[in-house]
Amino acid sequence: MATLREIRQRISTVKSTQQITKAMKMVAAAKLRKAQENILAIRPYAYSLRDMISHLSGLGEDVLNLPLLEKRPVEKVLIVTVAADRGLCGGFNSNVMRSAVNLARQYADTKYDLVTIGNKASAFFGKRDYPIYKKIPNFFHDLTFEDAVTVSRMLISAYESKEYVRIEIIYNEFKSAIQQNVITEQFLPFTPEEAESETLRNIDYIYEPDINTILNTLIPKDLNVQIWRILLESNAAEQGARMTAMENATENAEEMKSTLTLHYNRARQAAITKELSEIVGGADALKES
């Protein structure tokens, strides 16, 4: 049985840990608010740009011959895994890794490489026998749109060189502070969505320059924006997961502290009772003598 001193040390350790988890929860909450603002700012632009491309791509059959829309037989695939730079965020990282491993198994009969974004993804796959095309650690410390453009251009270049015939991205989509969904999304070849309405599709616009030239300009811009949106989604999901994990850890620390305090009081009471019994026994012995 633990001594009173050991129980006091455990209570002190739990209190210190609880202070740390509380502080980490507050920091994550502040970062989450900023990340949510960034997502709300980019989503309308990203979706509107994608709608515009969907409308234009439905206006002519020759559009499908554009390089970034060209579909080829699956020979070699590039899997982009977006994780966090740090841990202590519940199942945020492990869920992404699990999905990436499952996707790699699906392409076991074909060749594939990995791009790992974030320290956790780089460390996980780097320690295992996975073919890695590019490691991008320490990515989310000071995230900017230029970082997203750099990643997007690297992926576009790998696709245009015909080194890879398909590029897929796995990331955590932010829903709320307590919910993050792991998404597997095809990045290239670019697949335009269905135009929003038949009426809009049939409007006779005059395009200058031609539709293909416009699309060749818009699609790379859209891919840049989509990468930026994915990174912001992942960053917000990470902060939400960390805030929830630290809140749970704080509550668990409080329960542990209460349990240890109860054990301490019981042990202290038992020690006092034992001392009183010894004193009474000694007094009775003196009387008898």
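Start by selecting helix H4 (residues 145-160) and helix H6 (residues 211-288): their axes come within 8 Å and cross at roughly 120°. Helices here are DSSP runs of H or I with at least four residues, strands are runs of E with at least two, and both are numbered from the N terminus. Axes are lines fitted to C-alpha atoms, for helices over the stretch in contact, with angles from 0 to 180 degrees between N-to-C directions. H4 and H6 are therefore oblique to each other (under 35 degrees counts as roughly parallel, over 145 as roughly antiparallel, 65 to 115 as roughly perpendicular, the rest as oblique). Show side chains next: the contact (heavy atoms within 4.5 Å) includes Phe145, Val149 and Leu155 of H4 and Pro220, Trp228 and Leu231 of H6.

A word on the model: it is predicted, so local features need pLDDT of at least 70 and side-chain atom pairs pLDDT 80 or more, while totals for chains, interfaces and linings use all residues. Residues are numbered from 1 along each chain as its sequence is written, and side-chain values use heavy atoms, leaving out hydrogens and water.

Then pick Lys76 and Asp113, whose side chains meet in a salt bridge at 3.4 Å, N to O (a side-chain nitrogen of Lys or Arg within 4 Å of a carboxyl oxygen of Asp or Glu). Lys76 sits in strand S1 (residues 76-82) and Asp113 in strand S2 (residues 111-117), so the pair ties together parts 37 residues apart in sequence. The model's count comes to 10 salt bridges.
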